[in-house]
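Have a look at the model, then read on.

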Amino acid sequence: MTSPTTAPGLEGVIAGSTRLSRVNGLAGELIIAGYALEEIAANASFEETTFLLWNDHLPNAAQLADFQSRLAGLRTLPAATLDLLRAVAAEKTPPMDALRMAAGTLSLNSVEGAENEAAALVARFPTVVAAYWRLLNRAEPVPPDPQLGHAANYLYMLNGQRPTSAQTRGVETYLNTVIDHSFNASTFTARVITSTASDLVSAITGAVGALKGPLHGGAPGPALDMVFEIGQTERAESYLRAKLERGERLMGFGHRVYKVRDPRADVLSAAAEVMYRAGGDLQLYDLARAVEQIAVALLTEYKPGRNLQTNVEFYTALLLHGLGLETALFTPTFAVGRVAGWTAHCLEQRAEGRLIRPSSDYHGGLGRVWADVTARGG
Ligand code: COA
């Protein structure tokens with residue numbers, strides 16, 4: 001018997017309060033520390049948005065310069081982290097697994113204190129992802145360039161070339177867009193771990209594990225694969241219909257909270273359009289738009305009343321592909337943005353100090369009587 005207070009998946013349950021972000025799933029609205037996502041995404045640098053989350057106000061010019069150089073000074077990885085990355089690259093470990101393993105080492109060489117741990121994590125995540133990507137592709141890591149901002153330096157460490165300002169803006173818009181999203185699964189994981197009075201590195205390592213799953217941050221790769229497999233607009237309907245007939249999910253659609261179009265999809269589709277119009281594969285962009293429209297129409301037909309709309313992952317895939325990132329880098333790049341939100345939630349949770357420990361509804365057996373191993377049946 002399920003008690004009336006049980007909520008599978010904690011759906012609809014308000015599990016705590018936060019000043020960091022507000023998701024209004026019916027209005028399709030995302031507020032980041034008081035600002036509508038649309039205000040922040042295309043204007044702020046990643047450092048400004050991170051500062052905003054940690055301090056609840058935007059930095060002035062001096063604070064920003066200070067914060068930028070603080071993060072830039074923390075980008076270099078501990079030697080043991082690099083050794084680990086080399087070893088796991090030799091095993092061809094998938095990048096999200098490598099990030100999870102490396103995340104656990106990031107307490108090395110970092111100054112004690114939650115704020116310092118947070119800064120080291122945010123500063124080092126791009127270095128881990130970029131260094132690992134290069135090692136996986138038999139290239140030496142590119143050391144961080146302290147003259148470059150956080151977003152530009154990420155692209156630089158991946159490619160070994162200084163990005164254009166349009167590319168930097170593209171990745172910065174992406175990182176800002178995914179930086180925080182209230183009590184999503186990975187953030188909640190980080191908060192649960194923090195609530196035990198554990199450290200930030202443990203919390204963030206757990207969050208990486210939660211983000212990796214295809215129902216959370218693992219969707220953009222398959223979403224792009226789907227567009228590539230479709231190849232031409234004329235094939236979209238039969239392809240998507242066949243998937244739905246087989247009971248499969250369309251990656252990049254549906255959301256636990258948004259019952260209208262995810263506002264992040266709008267921000268990212270606008271950023272992707274700018275990128276593709278400035279010399280990208282416009283045919284791919286147009287194909288993706290057509291696939292999106294057909295997918296939403298078919299989801300309405302197959303799942304009436306479920307309000308399954310485009311989510312953040314669909315245009316993440318298109319934007320990051322336009323920036324030259326390979327599919328396997330999509331979820332790690334999501335983590336490069338979200339780690340700032342995770343750390344902000346950890347700091348907020350620490351200040352709150354209340355252990356998160358819900359109850360459960362037991363539905364196992366009762367009254368069983370111990371039997372010796374020799375007396376047990378099959
Ligand atoms: N494609 C096809 N059907 C979908 C779907 C999708 N993308 N998303 C949900 N559905 C269906 C479910 O199968 C279910 O159908 P049913 O009632 O006939 O069983 C119904 O819609 C409700 O789904 P539910 O599982 O309750 O939604 P949820 O809130 O648990 O799931 C997601 C939310 C995100 C996990 C889900 O929409 C999904 O799997 N999307 C694809 C993966 C993805 O893009 N993830 C990134 C999220 S940002």
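1. β1 gives the largest share of the lining of the largest pocket, three residues. Along with β1 (21-24), the elements α9 (185-195), α14 (282-302), α15 (312-322) and α16 (330-352) each supply at least two residues. Helices (H or I, at least four residues) and strands (E, at least two) are DSSP runs, numbered from the N terminus.

2. Keep in mind that this is a predicted model, where local features need pLDDT of at least 70 and side-chain atom pairs pLDDT 80 or more, while totals for chains, interfaces and linings use all residues. Residues are numbered from 1 along each chain as its sequence is written, and side-chain values use heavy atoms, without hydrogens and water.

3. The largest pocket has a volume of about 1,900 Å³. Of its 48 lining residues, Leu215, His255, Arg256, Val257 and Lys259 are the closest to the centre. (On a 1 Å grid over the protein atoms alone, a pocket is an open set of points where a 1.4 Å probe fits, with protein on both sides within 12 Å along at least five of seven lines; lining residues have an atom within 4 Å of a point.)

4. The second largest pocket holds about 280 Å³. Its lining has 18 residues, with Ala166, Gln167, Ala271, Val274 and Met275 nearest the centre. Both α8 (165-177) and α13 (263-277) give two or more residues to that lining.

5. Where does the second largest pocket lie? Domain 1 (21-214 + 328-352) and domain 2 (220-322) both contribute to its lining, so it lies between them. The domain bounds come from an automatic or database assignment.

Notes. Points joined across faces, edges and corners; volume = space filled by probe spheres on them.
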